[in-house]
Amino acid sequence: MAWTKYQLFLAGLMLTTGSINTLSAKWADMFSAPGCYGTKDHAFSHPFVQAVGMFLGELSCLVVFHILLCHDRRRPEPSMEPGQSFNPLLFLPPALCDMLGTSIMYIALNMTSASSFQMLRGAVIIFTGLLSVAFLGRRLQPSQWIGILVTILGLVVVGLADFVNGHGNDTHKLSEVITGDLLIIMAQIIVSVQMVLEEKFVYKHNVHPLKAVGTEGFFGFVILSLLLIPMFYIPVGSFADNPRQVLEDALDAFCQIGHKPLILLALLGNTVSIAFFNFAGISVTKEISATTRMVLDSLRTLVIWVVSLALGWEKFQGLQILGFIILLVGTALYNGLHKPLMDKLPCFPREQTAEEGDAPERERLLGGGKATQES
């Protein structure tokens with residue numbers, strides 16, 4: 001069945017804003033400007049400030065939810081289901097995981113390319129699958145186990161591409177690239193813990209997705225904003241790329257923005273895009289399907305890679321293309337995209353669907369609840 005104009009708009013919005021989200025964050029990292037205290041030009045390296053902006057974008061989903069609810073209630077026949085009441089503190093543990101995982105990923109983005117950053121985030125299905133078996137009692141299908149193994153192979157190929165490219169990389173040292181890649185994979189462990197916590201304690205309460213995203217965004221924004229104060233005084237030596245060598249120098253970030261306002265444009269692009277990406281992703285799942293959402297999320301990785309090449313941010317690597325294709329196959333197998341094709345072949349029996357209750361997990365893995373951050 002052909003898509004309606006509204007469905008095409010939603011798909012385009014999700015693909016565009018999802019790509020802008022990563023590209024704008026990387027764009028901000030590439031700026032240099034003078035800071036406070038009379039310091040000379042230095043790189044804009046403020047991952048925790050960027051994470052605060054991302055949570056502000058998530059928090060805006062809560063505003064959108066109440067606007068949509070208010071508009072729906074004015075109709076003669078309201079159709080929007082607000083969900084049942086719940087204790088907002090249920091979202092605190094997932095929000096803490098979200099905060100930690102997102103901050104680590106923004107640190108990693110400073111060290112590696114935007115395309116590798118996006119591809120390596122595919123590792124989340126490995127840890128989510130394993131944790132769901134261990135803590136949710138879920139039984140994975142054989143195709144899902146194969147998908148996890150294929151994904152591991154894809155990650156190895158992408159990592160190898162970064163290792164080969166790192167020797168001739170003028171932007172990042174090889175040690176930085178390897179550290180960045182490992183941090184991204186480490187962050188996916190935290191993201192998978194977040195997903196398992198959400199499934200075990202939160203989603204059984206039938207919370208509207210926009211409200212869930214907004215509530216997590218509220219906790220993340222408030223807590224991380226307060227943590228910027230002690231971070232201003234915690235010395236971390238050469239690990240920090242700011243003049244005072246502290247964990248985060250928010251004042252230096254604002255001074256750099258004042259000297260180079262384009263940095264603010266990049267940060268606003270990140271904040272606004274995450275809000276629209278979450279809205280579009282949830283709407284695509286509702287109006288089309290969770291499978292379409294997964295395909296669009298994979299296309300987002302391709303768009304980020306092509307734009308990065310076009311802008312000269314990175315060099316062409318054949319190994320990276322191979323790694324992307326392998327990761328795509330692994331994700332497709334894990335999410336059951338092969339099943340419609342296999343069902344048409346008489347020699348292959350249909351897999352048991354007892355575990356098709358995994359749909360909520362897959363939907364969240366594709367971004368339901370948060371564009372993982374996407375970040």
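Which helices each supply at least two residues of the nonpolar patch? They are helix H6 (142–166) and helix H7 (174–202), helices being DSSP runs (H or I) of at least four residues, numbered from the N terminus.

## Basis

This is a predicted model, in which local features need pLDDT of at least 70 and side-chain atom pairs count only at pLDDT 80 or more, while totals for chains, interfaces and linings use all residues. Residues are numbered from 1 along each chain as its sequence is written, and side-chain values use heavy atoms, without hydrogens and water.

## Nonpolar surface patch

Leu 160, Phe 163, Val 164, Ile 178 and Leu 182 make a nonpolar surface patch of about 430 Å². Patch residues have over 30% relative accessible area and no salt bridge, and nonpolar side chains are joined within 5 Å. A salt bridge is a side-chain nitrogen of Lys or Arg within 4 Å of a carboxyl oxygen of Asp or Glu. Areas come from the Shrake-Rupley method with a 1.4 Å probe.

H6 gives the most to the patch, three residues. Ile 178 lies in helix H7 and has a relative accessible area of 37%, which is partly exposed (buried is under 20%, exposed over 50%).

## Nonpolar cores

A nonpolar core is a set of buried Ala, Val, Leu, Ile, Met, Phe, Trp, Tyr and Cys residues joined through side-chain atoms within 4.5 Å. The largest has 51 residues, of which Phe 44, Leu 224 and Ile 263 touch the most other members. Helix H3 (residues 92–109) contributes the largest share of this core, eight residues. Apart from it lies another core of eight residues, including Leu 10 and Phe 277.

Methods
Patch = residues over 30% accessible without salt bridge, like charges linked within 9 Å, V, L, I, M, F, W, Y side chains within 5 Å. Buried < 20%, exposed > 50% of the residue type's maximum accessible area, 1.4 Å probe, protein only.
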